[in-house]
Amino acid sequence: MFINPAKNFVDKIEKKLGLTIKEKTDSITYKLEKVLKAFSDSHLNVQHFSSLTGYGHGDLGRDVIDKIFADVLEAEKAAVRLQIVSGTHAITSSLFGVLRPGDNLLSVTGKPYESLEEVIGLRGNGQGSLIDFGINYEEVSLKNDGNIDFIALEKALNIPRKLIFIQRSCGYTWRPSLSIDVIQEICYLCHKIQPNCICFVDNCYGEFVETKEPTSVGADLIAGSLIKNLGGTIVPTGGYIAGKAGLVDKACCRLTAPGIGSEGGITFDLNRTILQGLFLAPQMVAEALIGAEIISKTFSELGFQVLPTPGSIRTDLIQVVRIGDPEILQIICRSFQEKSPIGSFLDPVPAQMPGYENNLVMAGGTFVDGSTSEFSADAPMKSPFDLFIQGGSHRSHVKIALIHALSNLFQAGLIKLPQNG
């Protein structure tokens, strides 16, 4: 009887991770109870599924959604809007809404995610970046191990800073993503030295990974995408901004217009989908974390560098594998695409993406285009060819794609696998 060595190998990996999988499954209950309490406290009912047309003034369903998200995120206020096209857009609206010419912006997590470089003005000219508008930008480099340099941060706070930018996820860099405890430590230090500075967190990929969110440990403002964690894989577009009410209002004035702020913008009859996505999100996030753990353990045992390492505390959905070889990288991406529900016949090839400096190869035929809460993988085509894997609505899909990739690599003679049980 033929035994698929890749399937046999991954099945054994999953069994080894039994305790980790149970811990992540058990964590769903607390997070789901938080969502259910927010639904109950808002008296959510079917009438809130309807939305208005036109300006959207007085949209009761939209207002209930905002309240529910604020409660779940432990924030004073939230604005959940389908007019936000991406996480980058939500972050940009927040930065432009809060900052004014002459203000000082400080990134404490080094160079920001690549799609924000043109927003800040680190790349591109004359597009209306923050630097174009006279906003000063500086950054504190991370330490060699990828962690926050608190000594350098304290020194940087000798200059008045209007906004402290904190990127929770690793982005396209080989570094640990930030835990809630580290975010709390950053916010505490910044507010201790400069009580009026605004601690802003790019929360993408981090929602529902831990039991708390940045807004419950000192962050003044956060933003993220609905086609990542909080959309539960079913919300077709949109993003959110949450935090102190006055700051959310300023961000919304940039999203819409001064004087309109959060009072405008319809929800296109997608209220039910947004709410159902939030209801599903704790389960989806847990399944994605389990899938990431299986991937981490699998590639680690094959001799690849991985981050996070198996069994580490996870603070976002991203699993990085240092492939080191462009051929292996593209075989993995092609294999993942072949096991995608949409566009399985497509061959991922490196290409330019808006907002990114390097060509990217991206795999993941997702129901929502570009959704990173569904299983996907992407990589900048540059040495050392790190593959960034995220999402997965259920671990079975992750396993199927992973086994297919290992089988293809094994058949190509690029990896070795155990030949028996």
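Guide: Welcome! One term before we start: contact here means heavy atoms within 4.5 Å. Also, keep in mind that this is a predicted model.

Visitor: Thanks! So what does helix 10 lie across?

Guide: Helix 10 lies across strand 8, strand 9 (319-322) and strand 12 (386-390). Its direction is at about 15° to strand 9.

Visitor: And which strands does helix 11 touch?

Guide: Helix 11, residues 326-338, packs on the sheet and touches strand 10, strand 11 and strand 12. Its direction makes about 30° with that of strand 10.

Visitor: What's the strand order in that sheet?

Guide: The order is 8-9-12-11-10, in an open sheet of five strands with antiparallel pairing. At the edges sit strand 8 (305-307) and strand 10 (360-363), each of which pairs on one side only. On average, neighbouring strands are turned by 20° against each other, ignoring direction.

Visitor: How many bridges are there between strand 10 and strand 11?

Guide: Four, and the two strands pair in the antiparallel sense. Leu360 stands opposite Pro380 of strand 11.

Visitor: Back to helices. How do helix 10 and helix 12 cross, and at roughly what angle?

Guide: Their axes come within 8 Å and cross at roughly 25°. Angles under 35 degrees count as roughly parallel, so helix 10 is roughly parallel to helix 12.

Visitor: Is that crossing left-handed or right-handed?

Guide: The crossing of helix 10 and helix 12 is right-handed. Residues making the contact include Ile290, Gly291 and Ile294 from helix 10, and Val398, Leu402 and Leu406 from helix 12.

Visitor: New topic: which residues touch the most other members in the largest nonpolar core?

Guide: Those are Phe69, Ile164, Ile166 and Leu278, in a core of 52 residues. Helix 10 (residues 271-301) gives the largest share of this core, eight residues. Apart from this core lies another one of 37 residues, among them Ala377, Ala379, Phe385 and Leu406.

Visitor: What does Leu278 touch?

Guide: Not counting residues up to four places away in sequence, Leu278 touches Val35, Phe39, Ile68, Phe69, Val72, Phe208 and Leu230.

Visitor: Last one: where does Ser169 lie?

Guide: Ser169 is in the loop between strand 4 (163-167) and helix 8 (180-193).

Visitor: Buried or exposed?

Guide: Buried: Ser169 has 4% relative accessibility, and buried means under 20%. Leaving aside neighbours within four places in sequence, its contacts include Arg175, Cys204, Tyr205 and Asp316.

Conventions
Residues are numbered from 1 along each chain as its sequence is written. This is a predicted model: local features need pLDDT of at least 70, side-chain atom pairs count only at pLDDT 80 or more; totals for chains, interfaces and linings use all residues. Side-chain values use heavy atoms; hydrogens and water are left out. A nonpolar core is a set of buried Ala, Val, Leu, Ile, Met, Phe, Trp, Tyr and Cys residues joined through side-chain atoms within 4.5 Å. Buried means under 20% relative accessible area, exposed over 50%, partly exposed in between (1.4 Å probe, protein chains only). Two strands pair if DSSP finds at least two bridges between them. Axes are lines fitted to C-alpha atoms, for helices over the stretch in contact, and angles run from 0 to 180 degrees between N-to-C directions. Angles under 35 degrees count as roughly parallel, over 145 as roughly antiparallel, 65 to 115 as roughly perpendicular and the rest as oblique. A crossing is left-handed if the near helix is turned anticlockwise from the far one by less than a right angle, and right-handed if clockwise.
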